[in-house]
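Biologist: Could you take me through one part of this model at close range? I'd like to start from a single residue and then see what you find elsewhere.

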Amino acid sequence: MQIQWFPGHMAKARRQITEKLKMIDVVFELVDARIPLSSRNPMIDDIVGNKPRLVLLNKSDMADPAVTKQWQDYFAEKDIRTVTVNSKTGQGLNRISEVARDLVKEKFDKMIEKGVKPRAVRALILGIPNVGKSTLINRLANKKIAKTGDRPGITQRQQWIKVGKELELLDTPGILWPKFEDQTTGYRLAVTGAIKDEILDFGDIAFFAIQYMKEAYPDRLIERYKLEDVSAPPLEVFEEIGKKRGCLLKGGEIDYEKAAEIILRDIRSEKLGPLSFERPSDF
Ligand code: G4P
């Protein structure tokens, strides 16, 4: 597979994050609630080390609520705290500060014992491109902060953003690249729009989506595309959707490209409702 990040970029991003980690008490790891594992960088545990961490399941409005609940249980079993959020509307954000306080309680209690004056909890947002870091920072800051661009090399003056009295956030997030060796992770990232469509074949991404939905959300496919059923092999389901949508070339052949475009657009614009593309049981 072609999608690989350049090791030099990753090393640099990692160095920058390590620098930032020195200044903060807690990491907010932002993941896509629809693909909470695929949207993490596999090196995250290693990079964050034993800094307290809160996983924010973002875009929860687009994810299947029942599956999101399974993910919350999954993380809880691993002793990782989570909060489900919608950074666009701000839903769930008020829980963040409270959980962050809780995560640093021991450290802060010790500081207070030593006579250090209590201060706000300092946090860093960390996540892969497009997961919603800027949206979240803007929401928490309650004002528009310029998007920094997803290039790890950018050097900037660091500022603290005050979020109420209890929390301070670094204004530039830590950016990690998604990394994957297996095809499925790549397709999951592509379906949700985390990586550019040009990287993988458009038809293949849509095919993957059909294949997954055929098992996980058959009724949604049937309803949206007015299908009889989805028991046929994925390619036939794909073709049937193409036909129903009038994606035909001259001579009546299926226009796969056009059908793929419609399917992916429908998924991403939530025409099929909230969907998750991985479940804990898939792993
Ligand atoms: P980044 O900094 O991590 O790269 O991500 P960014 O905030 O730019 O967000 C990427 C896209 O995800 C944006 O959409 C943003 O609006 C959307 N987004 C972020 N959080 C949420 C969420 O909780 N729910 C939903 N539904 N969407 C979210 P865009 O299409 O690039 O821009 P726009 O449509 O908002 O203009």
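Biologist: Which residues does L37 touch, not counting residues up to four places away in sequence?

Modeller: Happy to! Two notes before we start. This is a predicted model, in which local features need pLDDT of at least 70 and side-chain atom pairs count only at pLDDT 80 or more, while totals for chains, interfaces and linings use all residues. Residues are numbered from 1 along each chain as its sequence is written, and side-chain values use heavy atoms, with hydrogens and water left out.

Now to your residue. L37 touches W71, Y74, F75, E278 and F283, leaving aside residues up to four places away in sequence; contact means heavy atoms within 4.5 Å. L37 sits in the loop between β1 (26–32) and α2 (44–48). Helices (H or I, at least four residues) and strands (E, at least two) are DSSP runs, numbered from the N terminus. L37 and R279 are 242 residues apart along the chain, yet their C-alpha atoms are separated by 9.2 Å.

Next, the ligand. It is surrounded by 17 residues, the closest being D61, N130, K133, S134 and T135; a residue counts as near if one of its heavy atoms lies within 4 Å. Helix α6 (residues 133–141) gives the largest share of that shell, three residues. By class, the shell has four nonpolar, seven polar and six charged residues. Here Ala, Val, Leu, Ile, Met, Phe, Trp, Tyr, Cys and Pro count as nonpolar, Asp, Glu, Lys and Arg as charged, and the others, Gly among them, as polar.

Oxygen atoms of the ligand also come up in individual pairs. One is 3.2 Å from an N or O atom in the side chain of N86, and a backbone N or O atom of V131 lies 3.2 Å from a ligand oxygen. For G132, a polar backbone atom is 2.9 Å from an oxygen atom of the ligand.

Last, a pair of helices. Helix α7 (residues 183–191) and α8 pack at an angle of about 95 degrees, with their axes 9 Å apart. That makes α7 roughly perpendicular to α8, since angles under 35 degrees count as roughly parallel, over 145 as roughly antiparallel, 65 to 115 as roughly perpendicular and the rest as oblique. On the α7 side, T184, Y187, R188, A190 and V191 meet D204, I205, F208 and A209 in α8. Sorted by class, that contact has six nonpolar, one polar and two charged residues.

Conventions
A polar contact is a pair of N or O atoms within 3.5 Å; within protein, one must be able to donate a hydrogen and the other to accept it, and residues adjacent in sequence count only if both atoms are side-chain atoms. Axes are lines fitted to C-alpha atoms, for helices over the stretch in contact, and angles run from 0 to 180 degrees between N-to-C directions.
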